[in-house]
Amino acid sequence: MAVNQDGSGRVSLVTGASRGIGAEIARLVGAAGDAVVVNYREKRPRAIAVAAEIERAGGRALPIGADLSDDKSASAMIDDISRTFGRLDVLILNASGGLERGADPDYAMRLNRDAQVRLVELAIPLMKPGSRVVFVTSHQSHFYGQKPVPEDYEPIAQSKRAGEDALRERIPELLERGITLTVVSGDMIDGTIIVRLLERRDPDAVSGRREHGALPTIEEFASVVVDASLAQVESGHTFYVGGEDYLS
Ligand SMILES: NC(=O)c1ccc[n+]([C@@H]2O[C@H](COP(=O)([O-])OP(=O)(O)OC[C@H]3O[C@@H](n4cnc5c(N)ncnc54)[C@H](OP(=O)(O)O)[C@@H]3O)[C@@H](O)[C@H]2O)c1
């Protein structure tokens, strides 16, 4: 399958694509003509349903389970992609976590920083010049240290910021291979599980954000992530979605 000038015909891996924002990104890149690897950690039936939806719409999708915080599991996924497609054109680093019940205190850093960098390292041999890495993050993480963060969210914000910094440090090495990194940072996204849970537990935290304007939807955020995988911008460019007050 060749990559066309408009970017279609690419092979894209979307991590954490079994639900929420990742699932929507997978649907959109699938509709744009990419062959999509729908990565999930444990929600296999959901990932299969996302892949089936992409295929019903005329696209090509392959669900692959891999816990990114487990090196063997991440390596096995990359081997699977190598065997199936022989290459990877777009790596969308969407999966994130750390608030899971029973997770050890290091887990957020292992997943949101170490596993992101490791996956890029594993994927590099499959990525030709012109390939893209897109890191998906939240304003609360991207602006960590500059703006207050709810206490519960602190480990996520800190580890995702550390992940972004660690990826940015690799920009020169990626550029030598012709691979660009873009970052997409969003305000709270309406309709996500995290925002619904937060709204129940701490309604003021969410209404406080709504006071600055309507929160972006999953569809709006996902479409900017897809744009970020196509746009001709300098490596390291950040796309912002919502939360104008963060930017002033
Ligand atoms: N929600 C928001 O308001 C918001 C705002 C701005 C930015 N973002 C960013 O958008 C991205 C997605 O957020 P979301 O709210 O859609 O997330 P979510 O609903 O919590 O979904 C997380 C996804 O990541 C997968 N995942 C979790 N741990 C994993 C691991 N160890 N290995 C592989 N996959 C793993 C999950 O797979 P399983 O379902 O199989 O466990 C799931 O598909 C994150 O990077 C987040 O920071 C979110």
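## Around the ligand

In this predicted model, 31 residues surround the ligand, and the closest are Ser-18, Glu-42, Asn-94, Lys-160 and Ile-189. By type, the residues of this shell divide into 14 nonpolar, 10 polar and 7 charged.

The ligand takes up the space of the largest pocket. The elements giving two or more residues to its shell are helix H1 (20-31), strand E2 (35-40), helix H4 (107-123), strand E5 (132-138) and helix H8 (193-201). Strand E5 provides the largest share, with 3 residues.

## Polar contacts and cover

Which atoms of the ligand pair with the protein backbone? An oxygen atom of the ligand lies 2.8 Å from a backbone N or O atom of Glu-42. At Gly-16, a polar backbone atom is 3.2 Å from an oxygen atom of the ligand. Thr-192 uses its side chain instead: an N or O atom there is 3.1 Å from a nitrogen atom of the ligand.

How much of the ligand does the protein bury? Taken alone, the ligand exposes 910 Å², and the protein buries 96% of that.

## A look at Arg-87

Now turn to the loop between helix H3 (71-85) and strand E4 (90-93), where you will find Arg-87. Is this arginine, Arg-87, buried or exposed? Its relative accessible area is 11%, and the cut-off for buried is under 20%, so Arg-87 counts as buried. The side chain of Arg-87 also reaches the backbone oxygen of Gly-9, at 2.9 Å.

Technical notes
Residues are numbered from 1 along each chain as its sequence is written. This is a predicted model: local features need pLDDT of at least 70, side-chain atom pairs count only at pLDDT 80 or more; totals for chains, interfaces and linings use all residues. Side-chain values use heavy atoms; hydrogens and water are left out. Helices (H or I, at least four residues) and strands (E, at least two) are DSSP runs, numbered from the N terminus. Buried means under 20% relative accessible area, exposed over 50%, partly exposed in between (1.4 Å probe, protein chains only). A polar contact is a pair of N or O atoms within 3.5 Å; within protein, one must be able to donate a hydrogen and the other to accept it, and residues adjacent in sequence count only if both atoms are side-chain atoms. A residue is near a molecule or strand if one of its heavy atoms lies within 4 Å of it. Accessible areas come from the Shrake-Rupley method with a 1.4 Å probe; for residues, only the protein chains shown count as cover. On a 1 Å grid over the protein atoms alone, a cavity is a set of points where a 1.4 Å probe fits but cannot get out, and a pocket is an open set with protein on both sides within 12 Å along at least five of seven lines; lining residues have an atom within 4 Å of a point. A molecule sits in a cavity or pocket if more than half of its atoms lie within 2 Å of its grid points. Ala, Val, Leu, Ile, Met, Phe, Trp, Tyr, Cys and Pro count as nonpolar, Asp, Glu, Lys and Arg as charged, and the others, Gly among them, as polar.
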